[in-house]
Amino acid sequence: MTPEAIHGALQQRFGQAVTAFEADAIDPTVTVEASAIHDVGAFLRSEPGLLFDSLMCLSGMDYGEETSSLGVVYHLHSTSLRHTITLRVEVPRQDGVVPTVCDIWRTAEWHEREAFDLFGMRFDRHPDHRRILLPDDWEGHPLLKDYQVQEFYQGIRVPYEGDPPEIGMDVYRFQDREDPV
Amino acid sequence: MCAMARQTAGDELGISYERQGDDLVLQMGPQHPSTHGVLRLEIVTDGELVKHITPHLGYLHRCFEKHAEAMTYPQVIPYADRMDYLSAMNQELAYVLAVEKLMGLKAFPDRLEYIRVLMAELQRIASHLLAIGTYGLDIGAMTPFFWCFRDREKILDLFEWVSGARLLYNYLWVGGVAHDLPAGYTDRVMEFVAYFEPRVQELNSLLSSNKIFIERVASIGILTAEDAISYGIGGPNLRGSGVKWDLRKEEPYGIYERFDFDVPVGTGEFGVLGSAWDRYIVRVREMLESLKIIRQVVDQMPGGDPNEAMPRRIRPAKGEAYLRTESPRGELGFYLVSDGTEKPFRCKARSPCFTAISALNAMNHGGLLIADAVAVVGSLDIVLGEIDR
């Protein structure tokens, strides 16, 4: 099916929940309401004629402080019918919640954990909602555009502030002395 | 009281599985020879049987995606190299193809396209050799490791000659290459092809058809085709489950549609379909297919300047693009978003090893032994640099 036809099918089934369609983009993208993404996913996965059985990629997004929204982008492909579509949802910067799709495509489980880890949006009904790449006690979500690194992690200073202090280093710098030992 | 104390100790270790009865939790890694990097597997066992495996990642996390946002597009290429340091050419290729898709660049000199395919296929052989060699080593076969590394060395020499580096090349650029091939390069490639083809047969008689090896791995770690697709697994791991799916055929990027090659799939000939042996043998057979492609590349290699169409300024218009390629470890994708500046607004790497290791529990059908866990993890051919990014 062409992206236009897929968008048509989604609009017919979900009406208002489908908010935008970029047909001219490099990868045609359908934007849907965050709350509807699980239903949309289940429909795309099982509807004859669509059969999107493969979630190629799931990415978190930060659209910048001025738009004040985060997003999740789903790249879908059907291995049997060989068509492709991109879905996008947008959630507010604070306390954004997206329903999980990991019961539809199993690969989403870890990709959603990664998106949470790096961007901080929650995935509703996710079976194992933990950080994945960063330590569990890390503060903040690094891929946010306004991310500030924490000052200490377990007693270790995190931000890089020039060279370490010179204390004790003179032992190693004997060549700089006027009277080498 | 005793049970409570145990539970608390488990909490401190970050153990996520709720234990029952006499379950014992084994920590495999972070320093373990067969995790091929720094990976911790938390294995819940009942006697000798593995009940559940929880992988803990992140020990090699180097913030690739955050770094990429602070770099211009060409500056990201060396970082992409370092994601999967065993197949850096394929990483570069995926990244530059994604940038070219974002910029809408298509017309390149033929010579550039042929050089790209040549590098990608040589790298695929080198990467598979390492996968095969270390897999043998993981389960106790020492000799194949040395044989594979001896042959891989010859490919690394070829890479060193063309790019100056043995592992991390920064050779494929957006719309061009760092240097054209040196004079006589293709002759040396053909010498390698002639040398290497009989070695695959040697390897087969040494390891692939070895009775001990087959009995060890041909019925463990079974991954069904349906699970593999749902978990987003690609490459040899997917084809080992009998799915004929190769992005070089399905969505030919570059000039792959010009070449004649087969896509080997697992058939379960010595055990169950989708077993660790099926994944292994697909890699062996793919090396022969890559040799086929290299022969055709060298035969058809055109002259000219490969950097004729190299863009002077890389500043994609506002937009976003996702592109996936067939890396030796599976489906490697880059999702790039441009805001019209010289630096990517977002650069997401979709790693094949990340999805492969997430399917670890789907390969446990209740009969996995502790010793088999090593053999199953090894058969997935993971590289931690790419999982953690």
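This briefing walks through the folds and contacts of chain B, with stops at one helix of chain A and at a residue of chain B that touches chain A. Please keep in mind that the model is predicted. Chain B contains 15 helices and 8 strands, and 60% of its 389 residues count as buried.

**Chain B as a whole**

- For 389 residues, a compact globule would have a radius of gyration near 21 Å, and the 22 Å of chain B agrees with that.
- The C-alpha trace of chain B spans about 75 × 50 × 35 Å along its principal axes.
- Among contacts in chain B with a separation of 6 or more, 71% come from residues 24 or more positions apart.

**The three-stranded sheet of chain B**

- Three strands of chain B make an open sheet in the order β1-β2-β3, with antiparallel pairing.
- The edges are taken by β1 (24-28) and β3 (49-56) of chain B; each has a single partner strand, so one side of each is left without a neighbour in the sheet.
- On average, neighbouring strands of this sheet are turned by 25° against each other, direction ignored.
- Helix α14 (residues 370-379) of chain B packs on the sheet and touches β1, β2 and β3 of chain B. The direction of α14 makes about 145° with that of β2(B).
- Strand β2 (residues 40-46) of chain B pairs with β3(B) over 7 bridges, in the antiparallel sense.
- As a reminder, strands of a sheet pair through backbone hydrogen bonds, either parallel or antiparallel.

**The β6-β7 hairpin of chain B**

- Strands β6(B) and β7(B) form a hairpin with 2 residues between them.
- The antiparallel strands β6(B) and β7 (residues 330-338) of chain B are joined by 9 bridges. B:Ser327 has B:Gly330 as its bridge partner in β7(B).
- In strand β6 (residues 319-327) of chain B, 8 of the 9 residues are buried, so this strand is largely enclosed by the rest of the structure.

**Two buried residues of chain B**

- B:Tyr256 sits in the loop between α11 (247-250) and α12 (276-300) of chain B. Its relative accessible area is 2%, so B:Tyr256 is buried.
- Beyond its neighbours within four places in sequence, B:Tyr256 is in contact with B:Val117, B:Ala120, B:Glu121, B:Arg124, B:Arg248, B:Phe261 and B:Ile293.
- B:Tyr256 and B:Glu113 are 143 residues apart in sequence, yet 9.3 Å apart in space, C-alpha to C-alpha.
- B:Ser230 belongs to helix α9 (residues 225-230) of chain B. With a relative accessibility of 15%, B:Ser230 counts as buried, because the cut-off is under 20%.
- Not counting residues up to four places away in sequence, B:Ser230 touches A:Ile104, A:Trp105, A:Arg106 and A:Thr107.

**Helix α2 of chain A**

- In helix α2 (residues 37-46) of chain A, the buried residues are A:Ile37, A:Val40, A:Gly41, A:Phe43 and A:Leu44. Seen down the axis of α2(A), these buried residues fall within an arc of 165°, so they line one face of the helix.
- The general rule behind such a pattern is that an α-helix has 3.6 residues a turn, so residues three or four places apart point the same way.
- The packing partners of the buried residues of α2(A) are α1 (3-14), β2 (29-32), β4 (69-77), β5 (84-92) and β6 (97-99) of chain A.

How values were computed. Residues numbered from 1 in each chain as written. Chains lettered and ligands numbered in written order. Predicted model: local features only at pLDDT ≥ 70, side-chain atom pairs only at ≥ 80, totals over all residues. Heavy atoms only, no water. Buried < 20%, exposed > 50% of the residue type's maximum accessible area, 1.4 Å probe, protein only. Helix = DSSP H or I, 4+ residues; strand = E, 2+ residues; numbered from the N terminus. Arc of directions from axis to C-beta. Contact = heavy atoms within 4.5 Å. Pairing = 2+ DSSP bridges. Axes fitted to C-alpha atoms, helices over the stretch in contact; angles between N-to-C directions. Rg over C-alpha atoms; globule rule 2.2 N^0.38 Å.
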